[in-house]
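We'll take a few helices and loops, then work our way over to the ligand.

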Amino acid sequence: MKYQAKNQAFSQAADGIVLGLYENNEFSKSFNEIDLAAQGYLNRLIQSGELTGKLGQTLLLRDLPGVATKRVLIVGCGKKGELTERRYNQLIQSMLKALNNANIREVVSYLTEIEIKDRDLYWNVRFAIEIIEHTNYRFDRFKSEKPESTALESLIFNTDCPQAQRAIAHAQAVSAGVKAARDIANMPPNICNPAYLAEQAKHLAAEFGALSLEVIDETQMAELGMNAYLAVSRGSANPAYMSILHFNNAPDKNAKPIVLVGKGLTFDAGGISLKPAADMDEMKYDMGGAASVFGVMAAVAQLDLPLNVIGVLAGCENLPDGNAYRPGDILTTMNGLTVEVLNTDAEGRLVLCDALTYAERFEPQLLIDVATLTGACVVALGQHNSGLICEDENLAADLLHAAQQTTDKAWRLPLSEEYQEQLKSPFADLANIGGRWGGASTAGAFLANFTKKYRWAHLDIAGTAWLQGANKGATGRPVALLTQFLINQTK
Ligand code: BES
Ligand code: MN
Ligand code: ZN
């Protein structure tokens, strides 16, 4: 889709225009202008009850008397002052559906005059684009019959505010990052294995001059002493690869980087502690953290942000096998701490702990790991909020702010010494599970043993990385949250 922002006279609009209408007879400027030209035609529709302004109601008018543009689509915005981000989402989706049904290719939108609660024009434009791109997304590369492409190709926002241009650039980059993350995450696990993640990272690095790639294979991992990571990988015939994308674009090329580490389990069967069969296919999404880090790197490169950012995709596969690691095994991690494995299905933290130790060499300004880490996080927060674990108040506040800005929601979960105590092992420094209760926090507590050298935050996206049921598929979360966090860092 093509997006522009410029002031357009009604008559210049080729295929049609979109007008917003509130429910309580408060009309926008453009609505009044069109109605004046049409000699009260719209008001008569309101009087007759055909046009109500109810949220999501659409009415397409053709050849309106006195109006040059061929078609006018009126979209209900609900009561003025009550248009939340969620409702705006509904409204934009209704608009999109109506435009596509009417086979309209190019449209000028006057919804720029509509007020979203506590949001300015920047967000009006930015959300519209992100919602449209999200809605238009299809993953159909394995379908023999592809659905027809939708009609709408070009949307012009009627405004000449410079912030609208910024909103378009940001929305397009975030949308491209979200799409990249969804595409990789939706790929089946027989194709998307750790080598595939590395291959995708290679393509991305080739696309942008400021991006470069480094790939750590199992031989190098062994030399580095990444024995926890390697133990998880042992049960799979697909070797592990840790792909590291370097984006070195700060004015000071030596400035300490922001490091993002993504859990990249391209399939998690649970290992010897095998998972139940139901919904096990969804464990192809256990690389959602790596997918989102990949998407953020794509967005950051597209925006050419003046930052040094490193994205680590910790690719690995967890399968049961004659050579697989077992419950009872004691592993020596890269930082020297020993771990007693009590459940091979708590593999994410074992892969991450070595990736987090490896990241010390980058001397991170701060590090955020992103992982589909625990079912317990989904039990606690449902599928609407990612779980944020962060003891650094400033970093936590910045991440929650970015979450609120983008509506890519996150909620903070606790981390304290009590959870650490749940990880005691009679035989090793740590156990890899912490008992029945507070699983998201004990997982965070486990990771905290490996992040002492830098400012750190952990995002558990087990509930938010993909949807189940009718709309099954990757969501691309938390690409928007993290990209916004990085945009904010440039101010
Ligand atoms: N990848 C899973 C977590 C997960 C489960 C994400 C369901 C989304 C939906 C992770 O590797 C895992 O298996 N965690 C275990 C930990 C437990 C053994 C302590 C879990 O949450 O059950
Ligand atoms: Mn697991
Ligand atoms: Zn897992």
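Which residues in α15 are buried? Bear in mind that this is a predicted model. The buried ones in α15 are Val479, Ala480, Leu481, Leu482, Thr483, Gln484, Phe485, Leu486 and Ile487. Put another way, nine of the 11 residues of this helix, which runs over residues 479-489, are buried, and α15 is mostly covered.

Now jump to helix α14, residues 439-448. Here 10 of the 10 residues are buried, so the helix is largely enclosed by the rest of the structure. Reading along α14, the buried residues are Gly439, Ala440, Ser441, Thr442, Ala443, Gly444, Ala445, Phe446, Leu447 and Ala448.

Next up is helix α4, which covers residues 121-136 and holds Glu130. Is Glu130 buried or exposed? It has 13% relative accessibility, and buried means under 20%, so Glu130 counts as buried. Its side chain has a partner in Arg126: a polar contact of 2.6 Å joins the two side chains. An α-helix has 3.6 residues a turn, so residues three or four places apart point the same way.

Ala38 lies in the loop between α1 (29-37) and α2 (41-48). With 3% relative accessibility, Ala38 falls under the 20% cut-off and therefore counts as buried. What lies 6.6 Å from Ala38, C-alpha to C-alpha? That's Leu64, which is 26 residues away in sequence.

For the other loop, find Asn103, between α3 (85-101) and β5 (106-109). Asn103 has 56% relative accessibility, and since exposed means over 50%, it counts as exposed.

Now for the ligand. Which residues are closest to ligand 1? Of the 16 residues that surround it, the closest are Lys275, Asp286, Asp345, Glu347 and Gly375. Sorted by class, the shell comes out as five nonpolar, four polar and seven charged residues. As for where all this happens, ligand 1 sits in the second largest pocket.

Zoom in on the ligand's oxygen atoms. One oxygen atom of ligand 1 is 2.9 Å from an N or O atom in the side chain of Lys275. A polar side-chain atom of Asp345 lies 2.8 Å from an oxygen atom of the ligand, and for Glu347 the distance from a polar side-chain atom to a ligand oxygen is 2.8 Å. Taken on its own, ligand 1 has 510 Å² of accessible area, and the protein covers 76% of that.

Glu347 also leads us back into the protein, because its side chain makes a polar contact (3.0 Å) with the side chain of Lys263, and a polar contact here means N or O atoms within 3.5 Å. You'll find Lys263 in strand β9, residues 258-268. How much relative accessibility does Lys263 have? It is down at 2%, so this lysine counts as buried. A polar atom of the Lys263 side chain also lies 3.0 Å from the backbone oxygen of Thr372. Finally, check Met287: it is 24 residues from Lys263 in sequence, and the two are 5.7 Å apart in space, C-alpha to C-alpha.

Methods:
Residues numbered from 1 in each chain as written. Chains lettered and ligands numbered in written order. Predicted model: local features only at pLDDT ≥ 70, side-chain atom pairs only at ≥ 80, totals over all residues. Heavy atoms only, no water. Near = heavy atom within 4 Å. Polar contact = N/O pair within 3.5 Å; in protein donor to acceptor, adjacent residues only side chain to side chain. Areas by Shrake-Rupley, 256 points an atom, 1.4 Å probe, with all protein chains shown as cover. 1 Å grid on protein atoms, 1.4 Å probe; cavity = no way out; pocket = protein on both sides within 12 Å on 5 of 7 lines; lining within 4 Å. Sits in = over half its atoms within 2 Å of the grid points. Nonpolar A, V, L, I, M, F, W, Y, C, P; charged D, E, K, R; others polar. Buried < 20%, exposed > 50% of the residue type's maximum accessible area, 1.4 Å probe, protein only. Helix = DSSP H or I, 4+ residues; strand = E, 2+ residues; numbered from the N terminus.
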